[in-house]
Amino acid sequence: MLFNSVHFVLFFPVVCALYFLLPARFRWFFLLAASYYFYMCWEAKYGILLATSTLIDYVAAMQVARAERVRTRRLWLAASLVGNFGILFSFKYLGFAANTLDSILSFYGMSISLGRWDGILLPIGISFYTFQSVSYTIDVYMGEREPERHLGKFALYVSFFPQLVAGPIERSTHLLPQFSENHRWDPEQAFRGLLQMGVGFFKKLVIADRLALYVDTVYGTPAEYGGLPFVICIYAFTWQVYADFSGYSDIAIGAARIMGYDLRKNFDAPFHSRTVAEFWRRWHISLYSWFRDYIFIPLGGSRTTDARRYLNVLIVFGLSGLWHGAAWTFVLFGLLHGVYIIVGDLTRTWREPIARFLFPGRLKGLHHIIQVLVTFHCFALSLILFRSSSLADAWLLVSGTLTDFNWHASLSSTPLPIHELPAGLVAVVLLEAGNTIQQRTSIPDRLAAAPWPVKWTVAYIMLFGILVAGVFTSNQFVYFQF
Amino acid sequence: MPRRLPLVVNLVAFAIVAVFVHSGLRYGYFRHVMAAKRGCLIREKEFARSNDEVSFAFFGNSHVMMGLAPRLIPDSVGFATLGEGYMVTYGKLREMLDHRKPQVRAIAMQLDLHSFGASQIDQTGQPYWAQYADFPRLAADTTRTVPVLMDWLRYKEFPYVGSLSVIAKTLSQDDQLVRDRQVEILTGDFSKHEDKQGLTMLRLHEHVPEGSWYCEESAAYLRRCLRFCRDHGIRVVLIRFPLTRIYWENVFRFIPIDKWEAKTREILADFPEVIVWDYHDVFFDHEEYFTDPNHLNVTGAEIFSKMVRDRFVELEKTLTSGNSPDSPPPVTDFGGRRRSPDR
């Protein structure tokens, strides 16, 4: 079920109303049933995978907690990791691995049959709930928390519908205890939740899906375009992917908040970042904190030699690229960001004195703006790899952008949805203005404290503004494919 | 500290205001936006303003709209729109005649070769047409019940949803350019067209996509139109509009004419009071009267309107003399003037 579907518009109010009408002791069961319904609307049989992942971690965590010997605890942890990542590998990476193997073998004149893996449908959100489920077992193993004895509540933790298919990837220490609390209807929280959902829908329907009209056309047949359409496309996709994914997170967080649940912040105005390292602390926060806590730090983190630290960075970003998708373009996307961070770290010692010399006193603000622009463009360029269906297409875009300077001619060949771009641009400016204000003061806090006519006016503007300006083509969220 | 209203009161009050806002947007959209159909809105206003002495109303598609000039035909008003099928015409008949103009004596509609095509029924996706579509009936008639009901919500109840670009287009459109474009279409001369065969095939592919020339739903809506008019004592004139020879010579590749005629006769057999005027071949030797293979230009429309004017005058005399709609038709020449290329 898509958030931007009529199905969800009917589903969510009914679930909310019944949730608060039900006695507290039955709510977990109701939410669990609603979450499985939400998930199985896509492909009912994949509910089995979700249940399997839940059972693996429930049993593994209980055994880890019960075991007295370290070796036994490790074995149960390994069982959880093998089970979860085995499922993930089978459904997401097997085809990729087979193709890669075939390419290597064909280099030596051999071949393997690939037919069996091509038809497998990727279970939606599998990367998200696998990481969430595994993090629980690791937390129990690390002694961060006690195992959850209530299977139903644990299953709800893995499948909680607002964040099930595209995050934020929650930690058990944060979300699981909330399922044992008695949530009362709170109009102020509901208003904040609705406001955040409204912002999410604005991002998705007004910005992301509008820009997608252009981006999908160009990336669909890149050979037909060049120069300016490519440049526009690179910027458009950068905003599309941000608005799409952060929009999903906002809807998820807002929906959960209406029901009384607090989900983690997933985006924090990432395009205001001054370095790539800072960017990754503000973009998809829940995923990169997962990699930091469960991969980077166990590998030695920053408390090791420079060479080892840089290797750790490359491992983490390579894996994070692979997490996004089973293709070399994604791996390179991740590695490129690792390289950005390493280069940034290596050059910091001479960049800082130069910056102090070039931008003294009041010019620091200009330095700040340049840093933000450089970071933004590093990310925007890396997204060529992220969005291209192959390395050849990615190269076509890069070379077309750098070599085709006949922009007037290429503008005339630009795809039809060009007229949607000004509206998209205005929406992006509005969004960034909101982000800038939000950095200084909390807009939801101020609105929540405002009198009801103000609240209602904001609500009507948001509701009807989205209805009029949105693009309602039922586009999936970009991150659903991961 | 302001007093907090109960949740239910809040929700109801919020919903009431929302309904008002929605109604305002919906009304504004139907009345003032719909850029692509602004010509229809103008014609609709003309129809609403027309006096009670109107005898003939012209409903249907572009052939009616571009072929019959109301200013040349006494006591007539045009209410046809581009691409309109019988389903929409039926809705417009109900809306305009049932509620506003019951005194209209006769209506004229097209009887085109592609009138029964599936594309003529799948017309709910445009707000202008959707406002006339009888969605509950359409949903009951079709196997696509859920999509039709969704179209109802989307195009009839919430036409402004996702319409920012349409609104922007309307606000920014240059009326003079629009008029120039219309003049260009109306004054086009097909005889001077460089690729007549190509344009003809393009039109045929548009009209009869993938050979889908007959669809029961379209035929059912023609029956409904005819039954509705009979029930309201309104005479129907079905007109086969002039075509170019090249169109006629190519249409056989897409539509089996004999089967089309059989289907048409089957429908008309239940409505003996319906009048059919067949003019499809009248301008076979006059490509200069057309703007494209099957649409008259302003010259052709003027000549054609003058041709049918006398028949309309005659019909009016017949109707005002007290001839009941059940009496035999004064003129029926369906098939009588047909010519195929091999004859």
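By class, the largest cavity is lined by 5 nonpolar, 4 polar and 2 charged residues (Ala, Val, Leu, Ile, Met, Phe, Trp, Tyr, Cys and Pro count as nonpolar, Asp, Glu, Lys and Arg as charged, and the others, Gly among them, as polar). The model is predicted: local features need pLDDT of at least 70, side-chain atom pairs count only at pLDDT 80 or more, and totals for chains, interfaces and linings use all residues. Residues are numbered from 1 along each chain as its sequence is written, chains are lettered from A in the order in which they are written, and side-chain values use heavy atoms, with hydrogens and water left out.

**Cavities**
- A cavity is a set of points, on a 1 Å grid over the protein atoms alone, where a 1.4 Å probe fits but cannot get out; lining residues have an atom within 4 Å of a point.
- Grid points are joined across faces, edges and corners, and a volume is the space filled by probe spheres set on the points.
- The count is 2 cavities of 30 Å³ or more.
- The largest cavity has a volume of about 90 Å³, and its lining includes B:His63, B:Asp112, B:Arg240, B:Phe241, B:Tyr247, B:His280 and B:Asn294.
- The second largest cavity has a volume of about 40 Å³ and is lined by B:His63, B:Met66, B:Gly67, B:Phe241, B:Pro242, B:Asn294, B:His295 and B:Leu296.

**Chain B**
- Chain B has 14 helices and 7 strands (DSSP runs numbered from the N terminus: H or I of at least four residues, E of at least two).
- Of the 343 residues in chain B, 50% are buried (under 20% relative accessible area, 1.4 Å probe, protein chains only).
- Among contacts in chain B with a separation of 6 or more, 81% join residues 24 or more positions apart (contact means heavy atoms within 4.5 Å).

**Helix α10(B)**
- The 12 residues of α10 (residues 196-207) of chain B should span 16 Å at 1.5 Å a residue, and the end C-alpha atoms are 16 Å apart, so the two agree (the expected span is 1.5 Å times one less than the number of residues).
- B:Leu199, B:Thr200, B:Met201, B:Arg203, B:Leu204 and B:His207 are buried in α10(B).
- Cover for these buried residues includes α12 (245-251), β6 (290-292) and β7 of chain B.

Note on methods:
1 Å grid on protein atoms, 1.4 Å probe; cavity = no way out; pocket = protein on both sides within 12 Å on 5 of 7 lines; lining within 4 Å.
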